[in-house]
Amino acid sequence: MHDDGKLTEERWRRVLRERVVPAIHGPAEALTVEVWHAPGEPVPPSDGIGADFTETTVGERWGRPWGTSWFRFTGTVPADWSGRTVEAVVDLGFDGFGPGFSAEGLVYRTDGTPVKGLHPRNHWLRIDAAPGEAVEFYVEAASNPEIRGPVTELGDVETAGDEPLYRLRRAELAVFRPEVFELAHDLEVAGQLAVELPVELPRRAELWRAIGRALDALDLADVPGSAAAARAVLEPALAAGSGASAHTLWAVGHAHIDSAWLWPLRETVRKVARTASNVVNLMDDHPDFVFAMSQAQQLAWIAEHRPEVYERVKEKIEGGQFVPVGGMWVESDTNMPGSEALARQFVHGKRFFLDEFGIETEEVWLPDSFGYSAALPQLVKLSGSRWFLTQKISWSQTNPFPHHTFWWEGLDGTRVFTHFPPVDTYNAELSGKQVAHAVANFRDKGGASMSLVPFGHGDGGGGPTAICSPARGDWRTSTVPRRFGSRGRRSSSPPPRPNIRTRRCGSASCTWSCTGAPTRRRRRRNRATAAASTCCARRSCGRPRRP
């Protein structure tokens with residue numbers, strides 16, 4: 001049979017990029033823009049909203065390095081937009097090189113309540129005003145320098161200068177077309193899956209044929225008018241379920257934010273507030289969306305500096321969508337600190353979560369720490385925690401770690417159930433490539449059948465958006481579980497807590513020991529140096545004893 005998959009793939013990429021994605025927004029109306037540049041450090045929202053604004057326009061430059069500019073956007077929803085979904089689209093000058101490490105913004109209403117963040121892959125705002133009604137909102141914009149390499153030459157506020165870094169690119173009201181948006185996502189999911197499937201699998205050919213028929217049904221001169229027909233053609237292929245033995249991925253929203261790294265500490269405070277605002281805004285529209293946030297220090301910063309955001313966070317924690325995890329004050333290093341310092345991380349972190357939210361955290365969440373002391377299992381257990389999660393060990397370029405779900409045995413013999421997400425990132429976008437990698441990469445097949453995927457943009461990317469995909473940088477909660485066919489499946493139904501589901505993954509038949517002494521029921525031995533670890537280890541692959 002003739003295989004035209006390659007031609008269909010090229011057509012799919014071109015139509016999605018050039019016709020479908022640009023049609024997500026329709027008719028547009030320019031917003032009036034005013035700006036006030038804060039002379040020094042960031043000011044409270046009440047001061048920014050009440051500042052003396054001056055007129056500016058799209059195309060004007062703004063923002064000295066590490067500065068703050070407050071924008072006021074005003075306009076009117078056109079009278080002939082009745083029955084349509086309206087969004088404000090604001091591009092602060094993002095050039096698209098990455099999801100973060102760039103300018104950022106936080107949207108406020110006229111009464112000073114926060115709405116959501118603005119980031120390179122998330123620069124839209126849903127407008128509730130009716131046709132003919134006025135629109136007004138404010139944006140606290142941070143002109144953080146772009147960080148394209150390991151650092152930026154503008155890293156010091158005192159020496160970075162005053163030259164504006166950004167140019168306002170877009171500020172308008174636009175009609176949002178949900179059917180086109182859904183079509184873009186459908187095409188992305190189907191195409192990304194087809195690209196990753198082996199050529200010999202029938203599922204791959206079926207998907208490319210379905211995509212080809214959907215593109216045939218799409219009128220390129222009238223994408224909005226034909227989007228529904230194209231989706232209907234594609235739906236049967238997307239609805240085909242995965243096999244009963246397919247690996248299950250539990251997708252949990254996350255946004256790893258370094259508390260101290262390449263920006264002033266006060267900017268970390270604002271990054272956390274913007275991300276939290278984004279997340280609680282998403283939860284209003286997606287009641288099944290679950291977000292895991294570690295580091296008690298960062299929640300304490302929100303409480304101190306953005307109490308209006310903190311109240312919204314507490315509401316979502318009470319409802320079970322916003323999940324504090326980790327049990328530590330920050331995501332600390334665990335090699336250099338002594339045992340007393342690490343013990344205090346748990347004491348202060350767990351006390352904060354318990355006092356503030358009434359939650360006794362049971363997991364240790366350290367996705368980005370470079371190294372894990374062989375004494376850590378004992379400290380984890382003594383803190384009252386039961387599980388350990390990290391991802392950073394996948395960065396090893398010398399000796400890849402042989403497990404993803406296993407029991408970790410410390411120096412004193414204490415064991416803690418441990419999971420390394422095989423997707424090999426804590427900033428996943430849930431792309432077809434990442435999903436396929438997670439399934440193929442999982443090293444404990446047979447003993448476990450599911451794993452965790454922390455998804456969302458960290459360090460100033462704003463966390464998850466409505467759909468984590470290149471079309472718009474967003475994530476949709478509906479229909480996702482059935483869309484990855486024979487290669488694996490994703491589930492959007494949230495686990496009660498992020499690590500609990502991973503804990504129930506099967507026999508977890510392997511034990512990684514840092515004792516240097518033989519462990520019982522060993523079927524084979526393999527002395528190795530754990531990647532990014534200080535301990536010399538042995539592993540025991542068999543049915544482990546429980547601690």
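This is a predicted model: local features need pLDDT of at least 70, side-chain atom pairs count only at pLDDT 80 or more; totals for chains, interfaces and linings use all residues.
User: At what angle do the axes of helix H1 and helix H4 cross, and are the two helices parallel, perpendicular or oblique to each other?
Analyst: Helices (H or I, at least four residues) and strands (E, at least two) are DSSP runs, numbered from the N terminus, and axes are lines fitted to C-alpha atoms, for helices over the stretch in contact, with angles from 0 to 180 degrees between N-to-C directions. The axes of H1 (residues 5-20) and H4 (residues 202-217) come within 10 Å and cross at roughly 45 degrees. Angles under 35 degrees count as roughly parallel, over 145 as roughly antiparallel, 65 to 115 as roughly perpendicular and the rest as oblique, and therefore H1 and H4 are oblique to each other.

User: Which residues of H4 are met by H1, and how many residues of the contact are charged?
Analyst: With contact meaning heavy atoms within 4.5 Å, Gly 5, Thr 8, Glu 9, Arg 11, Trp 12 and Val 15 of H1 meet Trp 208, Ile 211, Gly 212, Leu 215 and Asp 216 of H4. Ala, Val, Leu, Ile, Met, Phe, Trp, Tyr, Cys and Pro count as nonpolar, Asp, Glu, Lys and Arg as charged, and the others, Gly among them, as polar. On that division the contact of H1 with H4 holds 5 nonpolar, 3 polar and 3 charged residues.

User: Which strands are at the edges of the open sheet of 4 strands?
Analyst: Two strands pair if DSSP finds at least two bridges between them, and the order of this open sheet is S1-S12-S6-S9, with antiparallel pairing. Within the sheet, S6 (residues 85-91) and S12 (residues 170-176) pair over 7 bridges, and Glu 87 stands opposite Ala 174 in S12. The strands that pair on one side only are S1 (25-30) and S9 (124-127).

User: What is the bridge partner of Tyr 108 in S8, and is S8 mostly covered or exposed?
Analyst: Strand S7 (residues 104-108) runs antiparallel to S8 and is joined to S8 by 3 bridges, and the hairpin has 5 residues between the strands, with Gly 112 at a positive phi near 90 degrees. Buried means under 20% relative accessible area, exposed over 50%, and partly exposed in between (1.4 Å probe, protein chains only). In S8 (residues 114-118), 5 of 5 residues are buried, so that the strand is mostly covered, and the bridge partner of Tyr 108 is Pro 114.

User: What is the phi of Gln 295, and what is that of Asp 424?
Analyst: Most residues other than glycine have a negative phi. Phi is positive in both, near 70 degrees for Gln 295 and about 65 degrees for Asp 424.

User: How far apart in space are Leu 382 and Ala 343?
Analyst: Leu 382 lies in helix H10 (residues 376-382) and is exposed, with a relative accessible area of 67%. Leu 382 and Ala 343 are 39 residues apart in sequence, and their C-alpha to C-alpha distance is 8.9 Å.

Technical notes:
Residues are numbered from 1 along each chain as its sequence is written. Side-chain values use heavy atoms; hydrogens and water are left out.
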